[in-house]
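Welcome! Let us get to know a protein model together, one question at a time.

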Amino acid sequence: GKKAFHDGEDCLWNKPGNEGQENSLSGPGCRPLVQSMMYGESSSLAFLCAAIGDSICAARMQTEALAWQRRVLQLWNPSLQSFDTLRLGQQGEAPTLSGVRELASLSSPWF
């Protein structure tokens with residue numbers, strides 16, 4: 001199967017069409033929407049685990065939620081005052097922020 005994480009990167013990589021956008025100026029990469037969805041999922045699971053009394057599961061999911069939150073916050077672009085897509089670098093270049101403000105990045109990243 002395809003790798004969701006690229007070597008050296010701590011982020012899920014995705015194409016715009018895979019998250020409901022037909023096209024995107026920022027293109028594929030580490031996109032804010034999927035990272036924030038994973039934060040919301042792991043936060044909800046932590047709550048549910050705690051509700052059923054499974055403290056080990058709750059702690060694990062809370063750790064996951066914090067990791068996803070960190071990933072989302074790394075996508076903040078201060079010059080845009082918006083979340084941004086981290087594009088995969090070309091031929092050994094480091095990944096860079098796209099510099100494009102998109103509609104999906106204007107919504108709350110904390111589902």
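The questions below look at the disulfides and aromatic rings of this predicted model.

Q: How many disulfides does a search of the whole structure find?
A: Two sulfur atoms of cysteines count as a disulfide when they lie within 2.5 Å. Cys-11 and Cys-30 are joined with an S to S distance of 1.5 Å, and the sulfur atoms of Cys-49 and Cys-57 are 2.0 Å apart. The search of the whole structure gives a total of 2 disulfides.

Q: How many residues apart in sequence are the parts tied together by Cys-11 and Cys-30?
A: A disulfide joins Cys-11 to Cys-30. Cys-11 belongs to the segment before strand 1 (13-14), while Cys-30 is in strand 2 (residues 29-30), so the parts that the pair ties together are apart in sequence by 19 residues.

Q: Is Cys-57 buried or partly exposed?
A: Buried means under 20% relative accessible area, and exposed means over 50%. Its disulfide partner, Cys-49, has 7% and is buried. Cys-57 has a relative accessibility of 24%, so Cys-57 is partly exposed.

Q: Are the rings of Trp-76 and Phe-83 stacked or edge-to-face?
A: A search of the whole structure finds 1 aromatic pair. The ring centres of Trp-76 and Phe-83 are 4.9 Å apart. Planes over 60 degrees apart count as edge-to-face. The planes of these two rings are at 75°, so the pair is edge-to-face.

Methods:
Residues are numbered from 1 along each chain as its sequence is written. This is a predicted model: local features need pLDDT of at least 70, side-chain atom pairs count only at pLDDT 80 or more; totals for chains, interfaces and linings use all residues. Side-chain values use heavy atoms; hydrogens and water are left out. Helices (H or I, at least four residues) and strands (E, at least two) are DSSP runs, numbered from the N terminus. Buried means under 20% relative accessible area, exposed over 50%, partly exposed in between (1.4 Å probe, protein chains only). Rings of Phe, Tyr and Trp (its six-membered ring) pair if their centres lie within 6.5 Å; planes under 30 degrees apart count as stacked, over 60 as edge-to-face and the rest as tilted.
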